[in-house]
Amino acid sequence: MKKDIHPDYHQVKVIMTDGTEFMTKSTFGEEGETIRLDIDPTTHPAWTGGETRLLDRGGRVSRFKSKYKGLLGS
């Protein structure tokens with residue numbers, strides 16, 4: 001392997017959508033940084049048998065619902 005061309009491989013903390021955490025190695029960021037997942041195996045339809053789970057991240061779903069409230073009579 002050539003020297004000094006590969007990214008640093010270090011420990012990072014991953015926080016899943018349900019709040020569970022685990023440590024893994026990654027080239028992301030710096031040593032000890034945190035990765036917060038928006039979609040993970042507990043919420044994505046590919047891993048939940050097609051069941052869709054709506055998570056309101058930062059009020060996106062709430063803003064959408066309030067913007068289109070009453071459009072379909074709901």
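**Group meeting: a walk through a predicted protein chain**

Aspartate 4 is exposed, because its relative accessible area is 82%; exposed here means over 50%, buried means under 20%, and partly exposed lies in between, with a 1.4 Å probe and protein chains only. This residue is found in the segment before strand 1 (10-15). Aspartate 4 also has a positive phi of about 60°, although it is not a glycine.

Let me state the basis of these values. The model is predicted, so local features need pLDDT of at least 70 and side-chain atom pairs count only at pLDDT 80 or more, while totals for chains, interfaces and linings use all residues. Residues are numbered from 1 along each chain as its sequence is written, and side-chain values use heavy atoms, with hydrogens and water left out.

I turn to the overall layout. Helices (H or I, at least four residues) and strands (E, at least two) are DSSP runs, numbered from the N terminus. Of the 74 residues of the protein chain, 15% count as buried.

Serine 26 is our next residue. Is serine 26 buried or exposed? Serine 26 counts as buried, because its relative accessibility is 17%. It lies in strand 2 (residues 21-26). A polar atom of its side chain lies 2.9 Å from the backbone nitrogen of phenylalanine 28. Leaving aside neighbours within four places in sequence, serine 26 is in contact (heavy atoms within 4.5 Å) with Asp8, Tyr9, His10 and Val12.

Next, the charged side chains. How many salt bridges does a search of the whole structure find? The search finds one, where a salt bridge is a side-chain nitrogen of Lys or Arg within 4 Å of a carboxyl oxygen of Asp or Glu. Its partners are glutamate 21 and lysine 13, with the closest N and O atoms 3.8 Å apart. Lysine 13 counts as partly exposed, because its relative accessibility is 27%.

Finally, the surface. Phe64, Tyr68 and Leu71 form a nonpolar patch there, with about 350 Å² of accessible area together. Patches are made of residues with over 30% relative accessible area and no salt bridge, like charges being joined within 9 Å and nonpolar side chains (Val, Leu, Ile, Met, Phe, Trp, Tyr) within 5 Å. Leucine 71 belongs to the segment after helix 1 (60-67), and leucine 71 is exposed because its relative accessible area is 63%.

Definitions and conventions
A polar contact is a pair of N or O atoms within 3.5 Å; within protein, one must be able to donate a hydrogen and the other to accept it, and residues adjacent in sequence count only if both atoms are side-chain atoms. Accessible areas come from the Shrake-Rupley method with a 1.4 Å probe; for residues, only the protein chains shown count as cover.
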